[in-house]
Amino acid sequence: MKHTHYIRQTSLFCMYRNHMYDFQKYLNGKNVLEVGPNKGALFEKYYPKTKKFFLLEPNKYFEKDYIKLHKKYPNVAYEINGFESFNTDEKFDTIVMMAVISHIRMDPQKIFTKIDSKLNPGGFLIIETNNTKRNLKVYDLVDQNYEKIEEKTSYNGPMKWLKIDYRNVLVYRKA
């Protein structure tokens, strides 16, 4: 599990994920926030179809990638900041948090409260995290407050065979 965040957004892995999942219905025409997007490659194929795609990444190293993405896709915006410090009045139709909950240094209730405050009613939360006790508490809060509409195994085929991790991708809708 330790190495998962290093490989999760390589080009090959992004192609695999985009082939396995169809997130189009949760992203097309929507105002999207992706927390911890790394280089931004995982959802790049959807950028032209969104109303606005906001990348929130704490690592300054990726800023050069976001500048390129913004030039290519004017609807892509970014901020170099952690989720803990992220402060905006803007609300989002979809929030994407792929393998980032474990990196957020906040109490599970505060993580959920912040997600809830940024997500529009009827909006979607696409979430994945490893199964630590703290992370599962965030899932419990989301389960209690949102409708789970989809659950898919994160790693099938070769990824499962390599025994990298056994997490799931969950899609929720806020009432």
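I started at Val-96, which touches Leu-27, Val-32, Leu-33, Glu-34, Val-35, Phe-43 and Ile-126, leaving out residues up to four places away in sequence; contact here means heavy atoms within 4.5 Å. Val-96 sits in strand β4 and is buried, with a relative accessible area of 0%. (Buried is under 20% relative accessible area, exposed over 50%, partly exposed in between, using a 1.4 Å probe and protein chains only; helices, H or I of at least four residues, and strands, E of at least two, are DSSP runs numbered from the N terminus.) I also checked Ile-127: 31 residues along the chain from Val-96, yet their C-alpha atoms are separated by 6.0 Å.

A note on the source: this is a predicted model, where local features need pLDDT of at least 70 and side-chain atom pairs count only at pLDDT 80 or more, while totals for chains, interfaces and linings use all residues. Residues are numbered from 1 along each chain as its sequence is written, and side-chain values use heavy atoms, with hydrogens and water left out.

Next, the cores. I take a nonpolar core as a set of buried Ala, Val, Leu, Ile, Met, Phe, Trp, Tyr and Cys residues joined through side-chain atoms within 4.5 Å. The largest has 26 residues, and Phe-83, Met-97, Leu-125 and Ile-127 have the most contacts inside it. The largest share of this core, four residues, comes from α6.

Last, helix α4 (residues 63-72): its buried residues are Asp-65, Tyr-66 and Leu-69. On the other side of α4, I found Lys-68 and Lys-71 exposed.
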